[in-house]
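Student: I would like to go through some labels given to residues here and ask what each one rests on.

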Amino acid sequence: MLYKKVAKVLRCILSVLVVIIGFTRGQVSPTTETPLPVPSNVQATAIDSTSVDVRWDPVTDSRIVGYNVECGTNGQVGYTERVDGRDTIQTTIGGLQPNTVYTVMVYSRTSDETTSPPGFDVTKTLEDVPSSSPQDVAANALSTSTVMVTWSEVPEDNKNGVILGYRINYSKQGESSVQLDTLEVEGEENMQETVTGLEANTEYVFSVLAYTSVGDGPPSDGVLETTWPLPSTVRISTSDEMHSTSKTVLTTIVYFFSSTQSDAEKSLDPDADTNPITTIEIVVAIGCIVVVLTATIATVTLYKCIIKNKNLVSPSV
């Protein structure tokens with residue numbers, strides 16, 4: 001007897017809870033005698049990168065006049081559609097994000113807008129091309145024929161799939177897009193590459209795009225960079241020519257350690273307050289004198305040692 005009384009009380013409590021929840025969510029009417037049927041065999045299939053086909057089995061309950069279809073991701077419902085007619089068992093949801101997992105829920109609906117618990121399925125939209133380009137593209141000349149190109153990744157919301165790699169497009173400034181050269185860089189994590197085989201003292205424009213299995217995304221804005229000039233021919237005969245040659249050599253050295261060509265040119269500006277050319281020329285000249293004196297002393301010492309020991313006959317000069 002006690003068991004039956006407890007069971008009866010529990011059933012009453014459960015009925016009250018169902019009614020309260022129904023009022024709160026608008027899913028169950030207090031006058032409904034039997035639960036509304038849940039749509040079964042819900043199947044959500046991605047059609048492309050932004051749309052999903054949804055199908056389910058029809059219900060036979062005469063109270064049902066249609067269905068409500070909801071689609072959401074990360075716990076947020078982003079799409080709701082009313083489907084009229086108990087025998088209508090298919091709809092298409094569009095306007096979704098590429099390469100995204102969605103939960104699709106289908107509710108039975110009565111004429112007074114009461115809905116059943118949902119039948120549901122999970123699907124993922126297909127990949128698409130990236131909707132934006134890599135960020136922070138930069139180019140820096142390394143020599144007369146090479147330029148280092150760097151960039152950062154495509155924003156996460158704009159990848160639209162798995163980034164398989166990047167393409168660097170480049171050409172001489174002023175040339176048409178038909179004359180573009182392309183360098184492919186595989187792997188999403190690789191975000192720098194050296195472009196080789198360029199012409200000296202030439203301005204180039206560089207852009208970078210990312211690609212997925214579907215295809216290429218848009219290229220970045222072009223950035224300009226000029227390769228180093230070729231050094232002048234070394235020919236020393238007068239002090240003025242020696243100064244010119246030293247400046248050419250030092251220019252190449254400063255290019256190597258400068259972040260940009262303009263920094264190097266500025267540091268070697270003859271009108272600047274400080275110019276390292278003269279000072280370095282003096283240091284180089286002193287170094288040459290020291291080398292010559294050291295070589296002469298070493299040679300004389302060796303000859304003296306040879307003559308003293310009479311092991312060899314001193315060569316005639």
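Tutor: Strands are DSSP runs of E of at least two residues, numbered from the N terminus. In this predicted model, Asn160 is found in the loop between strand 9 (147–152) and strand 10 (165–172).

Student: Why is Asn160 called buried?

Tutor: Buried means under 20% relative accessible area. Asn160 has 10%, so Asn160 is buried.

Student: What makes the phi of Asn160 worth noting?

Tutor: Most residues other than glycine have a negative phi. Asn160 is not a glycine, yet has a positive phi of about 60°. Asp136, in strand 8 (residues 135–141), also has a positive phi, about 55°.

Student: Is Asp136 buried or exposed, and how do you know?

Tutor: Exposed means over 50%. The relative accessible area of Asp136 is 62%, so Asp136 is exposed.

Student: Why is Ser49 called buried?

Tutor: Its relative accessible area is 9%, under the 20% limit, so Ser49 is buried. Ser49 lies in the loop between strand 1 (43–46) and strand 2 (52–55).

Student: What makes the pair Ser49 and Asp128 a polar contact?

Tutor: The cut-off is 3.5 Å between N or O atoms. The side chains of Ser49 and Asp128 are joined at 2.9 Å.

Student: How do you know that Glu225 has no salt bridge?

Tutor: A salt bridge needs a side-chain nitrogen of Lys or Arg within 4 Å of a carboxyl oxygen. For buried Glu225 in strand 14, the nearest side chain of opposite charge, Lys172, is 16 Å away. The Glu225 side chain does reach the backbone nitrogen of Ala141 at 2.7 Å.

Key:
Residues numbered from 1 in each chain as written. Predicted model: local features only at pLDDT ≥ 70, side-chain atom pairs only at ≥ 80, totals over all residues. Heavy atoms only, no water. Helix = DSSP H or I, 4+ residues; strand = E, 2+ residues; numbered from the N terminus. Buried < 20%, exposed > 50% of the residue type's maximum accessible area, 1.4 Å probe, protein only. Polar contact = N/O pair within 3.5 Å; in protein donor to acceptor, adjacent residues only side chain to side chain. Lys, Arg positive; Asp, Glu negative; His and termini not counted.
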